[in-house]
Amino acid sequence: MKKLDLFILKSFFGPFLMTFFVTAFIFVMQFLWMYIDDLVGKGLSIWVILEFLGWGSATTLPYTMPLSTLLASIMTFGNFGEHNELLSMKAAGISLQRALYPLVYVAIVISISAFFVSNNLIPLAYNKIYTLQYDISKTKEEIKIPTGTFYNGIDGYSLRVDDRNKETGMMYGVMVYNHTSNKGNVSLAIADSGMIRSTADKKALLFTLYSGVSYEENTKLSYKDTVSEVNRVDFSMQEVVIPLENYSFQKSEKERYGSDIMARNLEQLRNDRDSIGAKYDKTITEHELNVNYSIALEKASQLDTAKNKGLSSRFDVDTLMACASHQSELSAVEGALKAVKKSIQTMQTYDREINQHTYYLRRIDLEYMRKFTLSFACLIFFFIGAPLGAIIRKGGLGTPMIVSSMFFVLYWVVDISGKKLAKDGAITPELGAFLSTMVLLPISVFLTWKSTKDSAIFNIDSYIQAIKKVFRKVIMLTKGKIKPKIVFMGTPEFAVESLKTLIEGGYDVAAVVTVPDRKSGRGLKVSYSPVKKYLLSLGEDGEHSPIELLQPESLKDPGFKSRLEEINADIFVVVAFRMLPRAIWSMPRFGTFNLHSSLLPKYRGAAPMNWAIINGETESGVTTFLLDDKIDTGSIIMSESVSISEDETVGELYEQLQRIGARLVLKSVDALANGTVEPVPQSDIESVPEYARYAPKLTAETLRIDWNSTRRNVMNLVRGLSPVPAAHSNLVCDDDVMDVKIYSVAVPSDDSRTPTDLHCGEVAKDGRRLFVGCADGAIEILELQIPGKRRLSASDFLLGFRGEGARFE
């Protein structure tokens with residue numbers, strides 16, 4: 001087993017066990033709530049209640065196991081996505097399908113276990129729970145005699161108590177009527193006080209009475225002697241023994257409900273099916289014979305070929321014709337009506353008998369099929385949960401609990417409905433048993449397919465773009481506008497969003513131009529540009545682009561130019577690509593425009609976003625402009641600005657301009673194709689401050705931090721290079737020199753813990769904080785990376801850093 005497989009398995013089993021016990025507890029509480037009235041007030045021991053709940057929890061496994069599988073799979077892959085572990089796997093060439101392999105085997109094991117649970121454990125649990133429920137229902141409630149009223153809770157006796165001492169249990173003003181002789185109020189005991197207790201086995205109640213009188217009336221009367229006798233006995237203490245029955249819980253020695261359908265396994269259900277099926281066939285045969293020989297035919301023997309040979313008489317077609325008088329005809333009709341009514345009653349009786357057999361046969365077939373549905377449900381829920389986790393990329397119990405609840409409620413409602421419809425005969429038992437899995441199977445296939453394609457089905461922007469696409473088509477149809485044919489040119493990730501927006505917007509992208517494939521890495525594996533990777537992901541097999549892809553080594557290649565002429569596009573859209581020769585950018589009738597990530601004419605060049613932040617700009621944006629012979633000097637079509645916050649990094653600005661730029665590309669295409677825009681020449685470059693005119697490529701010298709500069713300048717440099725390529729500085733400690741990448745810094749607030757006397761580049765630490773001296777004070781380093789290690793917070797870095805007198809150069 002590989003380390004990755006072991007890591008994925010460990011990541012799954014923790015959430016699975018947690019969610020299993022949590023969901024089991026929830027269902028047990030719901031089960032307890034259903035039967036709480038049967039358990040309370042009967043003096044049941046804690047072991048009886050725990051046994052009842054234990055078997056009850058087993059009956060909830062058909063819902064506990066699928067739900068815990070769904071939750072655990074969502075949480076596992078949601079955590080992978082949230083912590084960028086899925087991204088790391090993909091970067092290492094490990095697909096989502098490969099990451100699913102170890103858990104697919106686990107899901108299969110869970111499904112097989114679920115079958116044995118359905119076939120062996122759950123029937124036993126129903127047998128036990130039904131028997132316990134019967135035994136508990138026989139147990140009478142504990143005796144609690146109220147004061148001031150007669151209590152008839154003991155069979156054959158009626159008791160009354162005026163008052164009770166709660167501390168000692170002594171009762172005062174006691175009356176005991178004995179009705180065991182069933183002769184009325186003939187036996188009465190009245191006492192000043194009394195105590196009551198039950199025997200250890202709860203089979204008798206001992207009533208000790210003090211200072212009282214007992215009355216016994218003799219009701220033996222005869223016709224000679226009609227005088228009743230009353231015997232009175234005064235006592236100082238008297239004990240009354242009242243026998244009790246079913247006041248203590250008595251557990252049945254044998255299970256009583258082993259023949260119930262829910263308590264039967266597959267083999268027993270097959271035997272039941274054969275037995276009841278044989279009875280059903282026998283009943284059908286008997287009914288057919290009775291109908292033929294007792295109801296339908298008056299002389300059925302005439303149809304018997306063994307008896308009707310040589311029979312010359314014929315049947316009377318109309319028996320009324322033989323009637324001699326009107327009265328005899330009327331009698332014949334009345335007789336026929338009585339025969340019809342009798343036949344109807346007989347057929348209704350037959351129908352009830354048949355329905356009784358078919359009802360049990362449907363229940364047996366349904367329960368037989370449901371032995372397999374739990375296994376399928378666990379497997380399907382895994383293939384819903386794992387892709388969902390990879391798509392929503394949220395771990396924990398928050399989002400996974402909400403999403404899984406929706407799918408589980410759907411499963412539960414459909415499962416209950418299918419079961420009821422199958423019992424009633426509205427649908428077949430096979431369909432009723434598998435209806436819930438049939439509903440969820442297409443969903444699991446769809447989600448698995450979408451997750452392997454990295455589809456963001458929960459991204460609201462994709463739905464907004466789809467709506468916009470529909471409206472755009474409607475507008476173009478109503479106004480008679482023709483969509484322009486587009487050739488898109490781009491290479492990095494920044495260009496993917498614009499291309500994706502064009503394709504999803506329904507634009508006619510006839511071809512895409514990107515750089516040729518290159519060999520890179522230790523194994524010299526062929527690597528594709530992000531634009532090509534995106535196009536391949538759109539293909540059905542993930543290996544072929546649905547749009548024509550051009551990768552010329554040279555933009556002056558005659559074959560490349562010839563192919564573009566054949567395509568005859570209306571517009572060329574360029575996003576982060578090479579400089580095009582005039583012969584190429586002059587081809588389209590509407591022109592060729594480029595998306596530039598600055599507000600032209602400021603920051604012309606290769607790295608406008610980096611230099612805008614390095615120079616401390618508070619505003620940036622994107623611009624679309626028509627290409628000409630120079631770099632970034634063409635007439636402006638459209639632009640859109642955004643503000644830059646004090647702590648915003650170039651990575652954050654990159655994502656923001658990527659989205660805004662994609663929208664601006666769509667607007668520019670529409671405007672050029674429909675003639676609703678007039679490109680405006682750029683203003684004179686002399687009007688732009690000199691530091692903001694050009695954005696040249698970043699060099700190794702640019703990445704080096706100058707600690708002799710101000711804290712704000714250092715912070716701007718770090719922000720403008722974070723996270724890629726990152727600002728660098730040499731950390732000198734004793735004789736060791738390390739090239740350190742610094743990702744995040746902050747100008748500390750003026751507090752007593754901030755060093756004030758550091759030289760430029762000098763390092764100081766205060767607890768878990770790391771400071772470096774600059775020209776105007778100390779700056780705090782928040783995140784950094786040393787060679788061979790991952791990116792660390794300063795506090796984590798200081799845990800292993802012991803260098804005194806260290807400095808940055």
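**Reading the labels in a predicted model**

Author: In this predicted model, the sulfur of Cys760 lies 6.8 Å from the closest cysteine sulfur, that of Cys774, which is too far for a bond.

Reader: Is Leu86 buried or exposed, and how do you know that?

Author: Leu86 has a relative accessibility of 6%; the cut-off for buried is under 20%, so Leu86 is buried. Leu86 sits in helix H4, residues 85-91. Leaving aside residues up to four places away in sequence, Leu86 touches Phe77, Phe80, Gly81, Leu96 and Ala390. Ala390 is 304 residues from Leu86 in sequence, yet their C-alpha atoms are 7.7 Å apart.

Reader: How do helix H11 and helix H12 cross, and which residues make the contact?

Author: The axes of H11 (residues 493-504) and H12 (residues 530-538) come within 8 Å and cross at roughly 35 degrees. The crossing is right-handed. H11 contributes Glu493, Ala495, Val496, Leu499, Lys500 and Ile503, and H12 contributes Pro530, Val531, Tyr534, Leu535 and Leu538. By class, this contact has nine nonpolar, two charged and no polar residues.

Reader: What makes E11 and E16 the edges of their sheet?

Author: The open sheet has seven strands in the order E11-E8-E7-E12-E13-E15-E16, with mixed pairing. Strand E11 (548-550) and strand E16 (636-643) each have a single partner strand, so one side of each has no neighbour in the sheet. Neighbouring strands in this sheet are turned by 20 degrees against each other on average, direction ignored.

Reader: How do you know that E12 and E13 pair?

Author: Pairing requires at least two bridges. Strand E12 (residues 571-575) and strand E13 (residues 592-596) have four, so they count as paired, in the parallel sense. Phe572 has Thr592 of E13 as its bridge partner.

Reader: Which helix lies across these strands?

Author: Helix H16 (residues 650-674) lies across strands E7, E12, E13, E15 and E16, and runs at about 155 degrees to E16.

Technical notes: Residues are numbered from 1 along each chain as its sequence is written. This is a predicted model: local features need pLDDT of at least 70, side-chain atom pairs count only at pLDDT 80 or more; totals for chains, interfaces and linings use all residues. Side-chain values use heavy atoms; hydrogens and water are left out. A disulfide is a pair of cysteine sulfur atoms within 2.5 Å. Helices (H or I, at least four residues) and strands (E, at least two) are DSSP runs, numbered from the N terminus. Buried means under 20% relative accessible area, exposed over 50%, partly exposed in between (1.4 Å probe, protein chains only). Contact means heavy atoms within 4.5 Å. Axes are lines fitted to C-alpha atoms, for helices over the stretch in contact, and angles run from 0 to 180 degrees between N-to-C directions. A crossing is left-handed if the near helix is turned anticlockwise from the far one by less than a right angle, and right-handed if clockwise. Ala, Val, Leu, Ile, Met, Phe, Trp, Tyr, Cys and Pro count as nonpolar, Asp, Glu, Lys and Arg as charged, and the others, Gly among them, as polar.
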